[in-house]
Amino acid sequence: MLSDPYHNKGTAFTFEERTALRLHGLLPPVVEQLETQLERVGVEYGAKTNDLERHVFLRALQERNSVLFYAFLISRIEELLPVVYTPTVGLACQQWSRIYRREHGLFLSWNQRDQVGEMLENVVGDRQIEVVVATDGERILGLGDLGIGGMGIPIGKLALYTAGGGMDPARTLPVFLDVGTDNEALLSDPLYLGLRHRRIRGEQYDELVDAFVDALRERFPNVLLQWEDFAQVNANRLLARHRNRVCSFNDDIQGTAAVTTAAIVSGMRISGVPLNELRVTILGAGSAGTGVAAQVARALVGVGLSEAEARQRCWLVDRDGLVHDQMSGLLPFQQPFARKHQEIETWGSGTNGGGGTNSKVGLVEVVSRVAPHALVGVTGQPGLFTEEVIRTQAEGVQRPIVLPLSNPTNRAEAIPADVLAWTQGRALVGTGSPFSPVTVGAVVHQITQVNNLYVFPGVGLGVVAVGAKAVSDTMLTAAATAIGNFKASGTTEGTALLPPITESAAVAIDVATAVALTAIKEGLASAISESELAERLQESFWKPRYGALEP
């Protein structure tokens, strides 16, 4: 009982429970309330000297006592979020094999791909799993291939499913799919805990993923699977391959897209510009960038634009410049947003300009020509939103929306203080990782964290509440709209693009409601009334409280 984090109360076991469960002698004699335990945790936490130490301490607490961990996390969510998740989780993933303390989650290696069902049973036992987050560690935040260290991401994400979305932690499961690593430093590290060979690719890779999905479907047919931090070569492909086999979505593609769209819509409202006039430039044309473009296009269709016209409002720029239809090597998910080459063949000059089909049209040129209301960065490369880029955007629109979303903090495409200085405080700034407020003149600007925390916990809560069979694009559009409506209801003021993180649980209820009702409307879940749904969501929303235990 004391080694089971989902039932352990530590010093809060009553005298009667200690007698019934034969715990006398294993605990100090004092019986404490949760509030006293939280005070002690606060003292221990305050004694840590850096964020990595704080992260390790909180992870150890999570493995020991779920109720105590989540009660502490929820009570200080704004302070602890950067420690439990980004940016500190990135450092924890890099140091994973050196700070490893205790097992958590399911590790599936390619070498044991024929034993996946057995290993799943070993880990979950008699627990009923409702939400799974899985990664293969190849594209962790903006840090790249971290091998088995990527397991820190599913663990962190599921902690937020509980803290922000009320998911019972005993019904969640982090999964790592170990197919090796191409990180030379890890392969040569004697302490590395993952498979010591280069990444398995192609059909062999799919053997493990297929076996995992098959085992999950057989054991938990109504589970929600979140794909997390897969490289571009696999992210869209795996989603398409398994989306109709298991209820699933990719948070990097779809979750990021939903919360980014909500922030853009909010920024347009603050700017006083009708949404149907929106123009967006996205730096990074991978799975995340094209996912944002697709979600923005759906939002524009929702306000009256045709699908073709909505896509034309999105300009994608990658390392080879503005994406156009004469580029070699365009991937299927990029093609709908490729510009016609004849549209841009006269743009620019020299190395940055038009003329031939292989010419490169750079970001400054695109921003100058397009005058985008919103500039989104999802590259994982710091400093790409230069002073010239931002000043050029600010010349074209009165309130430029600037979203350098790459994580962790040192990978952001721009620093908020610079953006606000270059725009004389006119910019509306949102970032992927947390940044401190910025003062320009007499005005203090709160920097909005455009965090997927606003999306995925509510999606999970809504899907589980009605037993949805799939996560549709329309359900994610409904999630983005719900976030925007929450902001519009008056819970926040000023130039904040999204609600405060402290409102994440309330946002999750709104998102869950919208997602569940959309699933019902689309025939992806059995019909129930809105009042019954509201009651079900409130009843299923897990809260960190100690309940009575039977022997």
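Keep in mind that the model is predicted.

Let's start with the overall build. The protein has 23 helices and 14 strands. Its C-alpha atoms fill a box of roughly 80 × 55 × 50 Å along the principal axes. What radius of gyration would a compact globule of 551 residues have? It would be near 24 Å, and the protein has 24 Å, so the two agree.

Next, the inside. Buried residues make up 58% of the 551 residues. Now take contacts between residues at least 6 apart in sequence. Of these, 70% join residues at least 24 apart.

The protein exposes about 22200 Å². Carbon and sulfur atoms supply 50% of that area.

And the charges. There are 47 positive and 60 negative side chains. The centres of the two sets lie 1 Å apart.

Now we zoom in. Is Gln334 buried or exposed? Its relative accessible area is 7%, and buried means under 20%, so Gln334 is buried.

What does the side chain of Gln334 reach? It reaches the backbone nitrogen of Leu331, at 2.9 Å. A polar atom of the Gln334 side chain also lies 2.8 Å from the backbone oxygen of Ala285.

Ala285 comes up again in the contacts. Set aside neighbours within four places in sequence. Gln334 is then in contact with Ala285, Thr290, Asp318 and Gly329.

How values were computed. Residues are numbered from 1 along each chain as its sequence is written. Side-chain values use heavy atoms; hydrogens and water are left out. Helices (H or I, at least four residues) and strands (E, at least two) are DSSP runs, numbered from the N terminus. The radius of gyration is taken over C-alpha atoms; the globule rule is 2.2 Å times the number of residues to the power 0.38. Buried means under 20% relative accessible area, exposed over 50%, partly exposed in between (1.4 Å probe, protein chains only). Contact means heavy atoms within 4.5 Å. Accessible areas come from the Shrake-Rupley method with a 1.4 Å probe; for residues, only the protein chains shown count as cover. Lys and Arg count as positive and Asp and Glu as negative; His and the chain ends are not counted. The place of a charge is taken as NZ of Lys, CZ of Arg, CG of Asp or CD of Glu. A polar contact is a pair of N or O atoms within 3.5 Å; within protein, one must be able to donate a hydrogen and the other to accept it, and residues adjacent in sequence count only if both atoms are side-chain atoms.
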